[in-house]
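Please read the briefing below alongside the sequence and the structure.

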Amino acid sequence: RSSPFLKMAVHGPVVKIHPVVLASIADSYERRNEGASRVIGTLLGTVDKHSVEVTNCFSVPHNESEDEVAVDMEFAKNMYELHKKVSPTEVIIGWYATGFDITEHSVLIHEYYSREAVNPIHLTVDTALQSNKMNIRAYISAQMGVPGKTVGVMFTPLTVKYIYYDTERIGVGLLQRTRDAPNRAKGLTSDLCQVGGAATRVQDMLTTVLAYIEEVLSGKVQADNSVGRFLTDLVSKVPKISAEDFESMLNSNINDLLMVTYLANLTQAQIALNEKLVIL
(Lines give C-alpha, C1' and ligand atoms only; values in the text may rest on other atoms or scores of the structure.)
Protein backbone atom coordinates (compact mmCIF):
# COMPACT_ATOMS: atom_id res chain seq x y z
CA ARG A 1 0.00 0.00 0.00
CA SER A 2 1.16 3.51 -0.70
CA SER A 3 1.83 5.86 2.16
CA PRO A 4 0.03 9.19 2.67
CA PHE A 5 1.53 12.23 0.98
CA LEU A 6 4.34 13.85 2.95
CA LYS A 7 5.27 17.47 2.45
CA MET A 8 8.80 17.31 3.82
CA ALA A 9 11.51 15.76 1.64
CA VAL A 10 13.67 13.07 3.23
CA HIS A 11 17.28 12.12 2.74
CA GLY A 12 17.93 10.86 -0.77
CA PRO A 13 19.12 11.92 -4.20
CA VAL A 14 18.18 15.37 -5.48
CA VAL A 15 15.95 15.19 -8.55
CA LYS A 16 16.92 17.76 -11.19
CA ILE A 17 14.32 18.33 -13.89
CA HIS A 18 14.77 20.08 -17.23
CA PRO A 19 11.98 22.24 -18.72
CA VAL A 20 11.65 20.01 -21.81
CA VAL A 21 10.50 17.17 -19.55
CA LEU A 22 7.68 19.21 -18.03
CA ALA A 23 6.63 20.48 -21.47
CA SER A 24 6.54 16.92 -22.82
CA ILE A 25 4.44 15.70 -19.88
CA ALA A 26 1.96 18.55 -20.27
CA ASP A 27 1.73 17.88 -24.03
CA SER A 28 1.08 14.16 -23.51
CA TYR A 29 -1.67 15.03 -21.01
CA GLU A 30 -3.35 17.40 -23.47
CA ARG A 31 -3.20 14.71 -26.19
CA ARG A 32 -4.45 11.86 -23.99
CA ASN A 33 -7.12 9.47 -25.18
CA GLU A 34 -10.74 10.33 -24.56
CA GLY A 35 -11.83 9.12 -21.15
CA ALA A 36 -8.31 8.75 -19.76
CA SER A 37 -7.89 10.34 -16.35
CA ARG A 38 -4.10 10.45 -16.44
CA VAL A 39 -1.08 9.56 -18.54
CA ILE A 40 2.13 7.80 -17.59
CA GLY A 41 5.55 7.59 -19.20
CA THR A 42 9.22 6.72 -18.87
CA LEU A 43 11.78 9.16 -17.49
CA LEU A 44 15.24 9.26 -19.04
CA GLY A 45 18.40 10.92 -17.80
CA THR A 46 21.60 10.36 -15.86
CA VAL A 47 22.38 9.32 -12.29
CA ASP A 48 25.32 10.14 -10.04
CA LYS A 49 26.03 9.67 -6.35
CA HIS A 50 24.01 12.64 -5.11
CA SER A 51 21.44 13.48 -7.79
CA VAL A 52 19.21 12.21 -10.57
CA GLU A 53 19.00 14.46 -13.63
CA VAL A 54 15.86 14.06 -15.76
CA THR A 55 16.65 15.22 -19.29
CA ASN A 56 13.98 13.51 -21.41
CA CYS A 57 10.85 11.39 -21.31
CA PHE A 58 8.21 9.71 -23.47
CA SER A 59 4.63 8.67 -22.77
CA VAL A 60 3.55 5.02 -22.58
CA PRO A 61 0.01 3.89 -23.53
CA HIS A 62 -1.96 2.35 -20.68
CA ASN A 63 -5.50 1.57 -19.59
CA GLU A 64 -6.66 1.51 -16.01
CA SER A 65 -9.89 1.04 -14.15
CA GLU A 66 -10.77 0.65 -10.50
CA ASP A 67 -9.86 -3.06 -10.57
CA GLU A 68 -6.86 -3.36 -12.89
CA VAL A 69 -4.21 -1.56 -14.89
CA ALA A 70 -2.61 -2.56 -18.21
CA VAL A 71 0.57 -0.94 -19.52
CA ASP A 72 1.99 -1.47 -23.01
CA MET A 73 5.43 -2.65 -21.90
CA GLU A 74 6.43 -3.68 -25.42
CA PHE A 75 5.87 -0.10 -26.62
CA ALA A 76 7.99 1.22 -23.75
CA LYS A 77 10.86 -1.15 -24.61
CA ASN A 78 10.77 -0.29 -28.32
CA MET A 79 10.71 3.44 -27.61
CA TYR A 80 13.69 3.13 -25.29
CA GLU A 81 15.67 1.11 -27.86
CA LEU A 82 15.00 3.80 -30.48
CA HIS A 83 15.92 6.56 -28.05
CA LYS A 84 19.24 4.90 -27.21
CA LYS A 85 20.26 5.26 -30.86
CA VAL A 86 19.90 9.04 -30.56
CA SER A 87 21.03 9.60 -26.96
CA PRO A 88 23.02 6.58 -25.76
CA THR A 89 24.05 8.31 -22.52
CA GLU A 90 20.46 8.64 -21.27
CA VAL A 91 19.14 5.66 -19.33
CA ILE A 92 15.82 4.79 -17.71
CA ILE A 93 15.70 6.44 -14.27
CA GLY A 94 12.02 6.05 -13.41
CA TRP A 95 8.55 6.98 -14.57
CA TYR A 96 6.03 9.79 -14.32
CA ALA A 97 2.27 10.06 -13.92
CA THR A 98 -0.02 13.05 -14.14
CA GLY A 99 -2.10 13.73 -11.09
CA PHE A 100 -1.54 14.64 -7.47
CA ASP A 101 -2.00 11.32 -5.63
CA ILE A 102 -0.19 8.00 -5.62
CA THR A 103 -2.70 5.24 -6.32
CA GLU A 104 -2.68 1.48 -5.78
CA HIS A 105 -1.90 1.07 -9.48
CA SER A 106 1.20 3.20 -9.02
CA VAL A 107 2.71 0.45 -6.88
CA LEU A 108 2.25 -2.12 -9.66
CA ILE A 109 3.74 0.14 -12.31
CA HIS A 110 6.63 1.02 -10.02
CA GLU A 111 7.43 -2.68 -9.61
CA TYR A 112 7.96 -2.95 -13.38
CA TYR A 113 10.31 0.04 -13.49
CA SER A 114 12.20 -1.43 -10.53
CA ARG A 115 13.30 -4.19 -12.93
CA GLU A 116 14.44 -1.62 -15.51
CA ALA A 117 16.37 0.69 -13.17
CA VAL A 118 17.98 0.62 -9.75
CA ASN A 119 15.94 2.63 -7.24
CA PRO A 120 13.72 4.30 -9.87
CA ILE A 121 12.06 7.59 -9.05
CA HIS A 122 8.36 8.29 -9.45
CA LEU A 123 7.43 11.78 -10.61
CA THR A 124 3.92 13.17 -10.21
CA VAL A 125 2.81 16.27 -12.11
CA ASP A 126 -0.51 17.90 -11.27
CA THR A 127 -1.49 18.93 -14.80
CA ALA A 128 -5.07 19.54 -13.64
CA LEU A 129 -3.83 22.38 -11.38
CA GLN A 130 -5.91 21.30 -8.40
CA SER A 131 -4.15 23.84 -6.17
CA ASN A 132 -3.93 26.51 -8.91
CA LYS A 133 -0.35 25.47 -9.71
CA MET A 134 1.47 22.52 -11.22
CA ASN A 135 2.63 20.65 -8.14
CA ILE A 136 5.61 18.51 -9.06
CA ARG A 137 6.70 15.82 -6.63
CA ALA A 138 9.35 13.12 -6.83
CA TYR A 139 9.39 9.93 -4.79
CA ILE A 140 11.51 6.88 -4.18
CA SER A 141 10.07 3.61 -2.90
CA ALA A 142 11.12 1.46 0.03
CA GLN A 143 9.70 -1.81 1.28
CA MET A 144 8.15 -1.93 4.72
CA GLY A 145 6.69 -4.70 6.82
CA VAL A 146 7.71 -7.88 8.62
CA PRO A 147 9.97 -10.36 6.76
CA GLY A 148 8.02 -13.41 5.69
CA LYS A 149 4.73 -11.62 6.25
CA THR A 150 2.82 -8.99 4.28
CA VAL A 151 5.24 -6.49 2.78
CA GLY A 152 4.10 -3.08 1.57
CA VAL A 153 5.70 -0.22 -0.30
CA MET A 154 6.25 3.27 1.10
CA PHE A 155 6.85 6.22 -1.21
CA THR A 156 9.08 8.85 0.37
CA PRO A 157 9.41 12.33 -1.20
CA LEU A 158 12.66 13.72 -2.58
CA THR A 159 13.95 17.25 -3.12
CA VAL A 160 13.12 18.59 -6.59
CA LYS A 161 15.16 21.26 -8.37
CA TYR A 162 14.73 22.81 -11.81
CA ILE A 163 17.75 23.26 -14.06
CA TYR A 164 18.19 24.10 -17.72
CA TYR A 165 20.67 24.38 -20.52
CA ASP A 166 21.29 27.75 -22.16
CA THR A 167 19.15 26.76 -25.15
CA GLU A 168 16.29 25.75 -22.86
CA ARG A 169 16.52 29.07 -21.04
CA ILE A 170 15.74 30.90 -24.27
CA GLY A 171 12.60 28.82 -24.75
CA VAL A 172 11.47 29.30 -21.15
CA GLY A 173 11.97 33.05 -21.41
CA LEU A 174 9.90 33.12 -24.60
CA LEU A 175 7.09 31.17 -22.92
CA GLN A 176 7.08 33.62 -20.01
CA ARG A 177 6.68 36.55 -22.40
CA THR A 178 3.59 34.98 -23.95
CA ARG A 179 1.70 35.50 -20.68
CA ASP A 180 1.48 39.23 -21.34
CA ALA A 181 0.58 38.86 -25.03
CA PRO A 182 -3.15 39.32 -25.83
CA ASN A 183 -3.26 36.27 -28.14
CA ARG A 184 -0.82 34.20 -26.05
CA ALA A 185 1.65 34.22 -28.93
CA LYS A 186 5.11 35.69 -29.20
CA GLY A 187 7.65 35.58 -32.01
CA LEU A 188 11.33 34.89 -31.68
CA THR A 189 13.54 37.94 -31.42
CA SER A 190 16.54 38.51 -33.64
CA ASP A 191 20.08 37.66 -32.55
CA LEU A 192 20.96 41.32 -32.15
CA CYS A 193 17.94 41.91 -29.91
CA GLN A 194 18.96 38.98 -27.72
CA VAL A 195 22.50 40.33 -27.45
CA GLY A 196 21.15 43.75 -26.54
CA GLY A 197 18.80 42.30 -23.94
CA ALA A 198 21.59 40.23 -22.39
CA ALA A 199 23.85 43.28 -22.23
CA THR A 200 21.10 45.27 -20.54
CA ARG A 201 20.57 42.55 -17.92
CA VAL A 202 24.30 42.38 -17.21
CA GLN A 203 24.43 46.15 -16.83
CA ASP A 204 21.51 46.10 -14.38
CA MET A 205 23.20 43.38 -12.31
CA LEU A 206 26.46 45.32 -12.25
CA THR A 207 24.58 48.41 -11.08
CA THR A 208 23.03 46.40 -8.24
CA VAL A 209 26.42 44.98 -7.23
CA LEU A 210 28.08 48.41 -7.26
CA ALA A 211 25.28 49.90 -5.18
CA TYR A 212 25.70 47.12 -2.61
CA ILE A 213 29.47 47.60 -2.47
CA GLU A 214 29.11 51.36 -1.98
CA GLU A 215 26.62 50.85 0.86
CA VAL A 216 28.98 48.39 2.57
CA LEU A 217 31.94 50.76 2.24
CA SER A 218 29.91 53.66 3.64
CA GLY A 219 28.72 51.54 6.58
CA LYS A 220 25.03 51.63 5.68
CA VAL A 221 24.86 47.85 5.21
CA GLN A 222 26.68 45.18 7.16
CA ALA A 223 29.08 43.15 5.03
CA ASP A 224 28.10 39.56 4.21
CA ASN A 225 31.03 37.18 3.85
CA SER A 226 29.14 34.81 1.56
CA VAL A 227 28.33 37.64 -0.85
CA GLY A 228 31.97 38.72 -0.78
CA ARG A 229 33.10 35.22 -1.71
CA PHE A 230 30.66 35.11 -4.61
CA LEU A 231 31.90 38.49 -5.87
CA THR A 232 35.54 37.42 -5.55
CA ASP A 233 34.84 34.25 -7.50
CA LEU A 234 33.02 36.30 -10.15
CA VAL A 235 35.91 38.75 -10.54
CA SER A 236 38.46 35.94 -10.77
CA LYS A 237 36.57 34.39 -13.69
CA VAL A 238 36.68 37.59 -15.77
CA PRO A 239 39.58 37.35 -18.26
CA LYS A 240 42.15 40.12 -18.11
CA ILE A 241 41.93 42.00 -21.41
CA SER A 242 42.51 45.58 -22.41
CA ALA A 243 39.67 47.84 -23.48
CA GLU A 244 41.08 48.16 -27.01
CA ASP A 245 41.34 44.40 -27.50
CA PHE A 246 37.85 43.87 -26.11
CA GLU A 247 36.38 46.49 -28.45
CA SER A 248 38.15 44.94 -31.42
CA MET A 249 36.89 41.46 -30.47
CA LEU A 250 33.33 42.71 -29.99
CA ASN A 251 33.29 44.52 -33.33
CA SER A 252 34.64 41.42 -35.07
CA ASN A 253 31.91 39.23 -33.56
CA ILE A 254 29.22 41.76 -34.47
CA ASN A 255 30.48 41.85 -38.05
CA ASP A 256 30.34 38.06 -38.23
CA LEU A 257 26.80 38.11 -36.84
CA LEU A 258 25.71 40.72 -39.37
CA MET A 259 27.26 38.69 -42.20
CA VAL A 260 25.42 35.54 -41.14
CA THR A 261 22.16 37.49 -40.87
CA TYR A 262 22.71 38.98 -44.33
CA LEU A 263 23.42 35.57 -45.88
CA ALA A 264 20.37 34.06 -44.22
CA ASN A 265 18.13 36.83 -45.57
CA LEU A 266 19.70 36.48 -49.01
CA THR A 267 19.08 32.74 -49.02
CA GLN A 268 15.49 33.25 -47.94
CA ALA A 269 14.95 35.78 -50.75
CA GLN A 270 16.42 33.41 -53.34
CA ILE A 271 14.20 30.55 -52.19
CA ALA A 272 11.10 32.76 -52.37
CA LEU A 273 12.11 33.97 -55.85
CA ASN A 274 12.68 30.39 -57.01
CA GLU A 275 9.22 29.38 -55.80
CA LYS A 276 7.61 32.19 -57.77
CA LEU A 277 9.56 31.22 -60.91
CA VAL A 278 8.44 27.61 -60.58
CA ILE A 279 4.81 28.67 -60.26
CA LEU A 280 5.10 30.80 -63.41
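Is Asn 135 buried or exposed? Asn 135 is buried, because its relative accessible area is 9%, where buried means under 20% relative accessible area, exposed means over 50% and partly exposed lies in between, with a 1.4 Å probe and protein chains only. This is a predicted model, in which local features need pLDDT of at least 70 and side-chain atom pairs count only at pLDDT 80 or more, while totals for chains, interfaces and linings use all residues. Residues are numbered from 1 along each chain as its sequence is written, and side-chain values use heavy atoms, with hydrogens and water left out.

**Overall form**

- The chain has seven helices and 10 strands, which are DSSP runs numbered from the N terminus (helices are H or I with at least four residues, strands are E with at least two).
- The radius of gyration of the chain is 25 Å, whereas a compact globule of 280 residues would have one near 19 Å; the radius is taken over C-alpha atoms, and the globule rule is 2.2 Å times the number of residues to the power 0.38.
- Taken along the principal axes, the C-alpha atoms of the chain fill a box of roughly 75 × 75 × 40 Å.
- Among contacts in the chain with a separation of 6 or more, 61% are accounted for by residues 24 or more positions apart, contact meaning heavy atoms within 4.5 Å.

**Surface and charge**

- Of the 280 residues of the chain, 25% count as buried.
- The chain exposes about 19900 Å², and carbon and sulfur atoms supply 57% of this area, with accessible areas coming from the Shrake-Rupley method with a 1.4 Å probe.
- There are 26 positive and 32 negative side chains in the chain, and the centres of the two sets lie 4 Å apart; Lys and Arg count as positive and Asp and Glu as negative, while His and the chain ends are not counted, and each charge is placed at NZ of Lys, CZ of Arg, CG of Asp or CD of Glu.

**Nonpolar cores**

- The largest nonpolar core has 20 residues, of which Ile 17, Leu 43, Val 54 and Leu 123 touch the most other members; such a core is a set of buried Ala, Val, Leu, Ile, Met, Phe, Trp, Tyr and Cys residues joined through side-chain atoms within 4.5 Å.
- Two or more residues of this core come from each of strand 1 (14-17), helix 1 (19-30), strand 3 (51-60), strand 6 (91-98), strand 7 (121-125) and strand 8 (136-145), and helix 1 gives the most, with four residues.
- Apart from this core lies another, of 14 residues, among them Val 60, Val 71, Tyr 112 and Ala 117.
- Leaving aside neighbours within four places in sequence, Val 54 is in contact with residues including Val 15, Ile 17, Val 21, Leu 43, Ile 93 and Ile 121.

**Buried residues in strands**

- Tyr 96 is found in strand 6 and is buried, with a relative accessible area of 0%.
- Not counting residues up to four places away in sequence, Tyr 96 touches, among others, Ile 25, Val 39, Leu 43, Cys 57, Phe 58 and Leu 123.
- The C-alpha atoms of Tyr 96 and Gly 196, which are 100 residues apart along the chain, are separated by 39 Å.
- Cys 57 lies in strand 3 and counts as buried at 8% relative accessibility.
- Between Cys 57 and Ile 17, 40 residues apart along the chain, the C-alpha separation is 11 Å.
- His 62 has its place in strand 4 (residues 62-64), and His 62 counts as buried because its relative accessibility is 13%.

**Loop residues**

- Asn 135 lies in the loop between strand 7 and strand 8 and, leaving aside neighbours within four places in sequence, is in contact with Phe 100, Thr 124, Val 125 and Asp 126.
- Asn 119 is found in the loop between helix 3 (104-116) and strand 7, and Asn 119 is exposed, with a relative accessible area of 55%.
- Asn 119 has a positive phi of about 50° although it is not a glycine. Most residues other than glycine have a negative phi.
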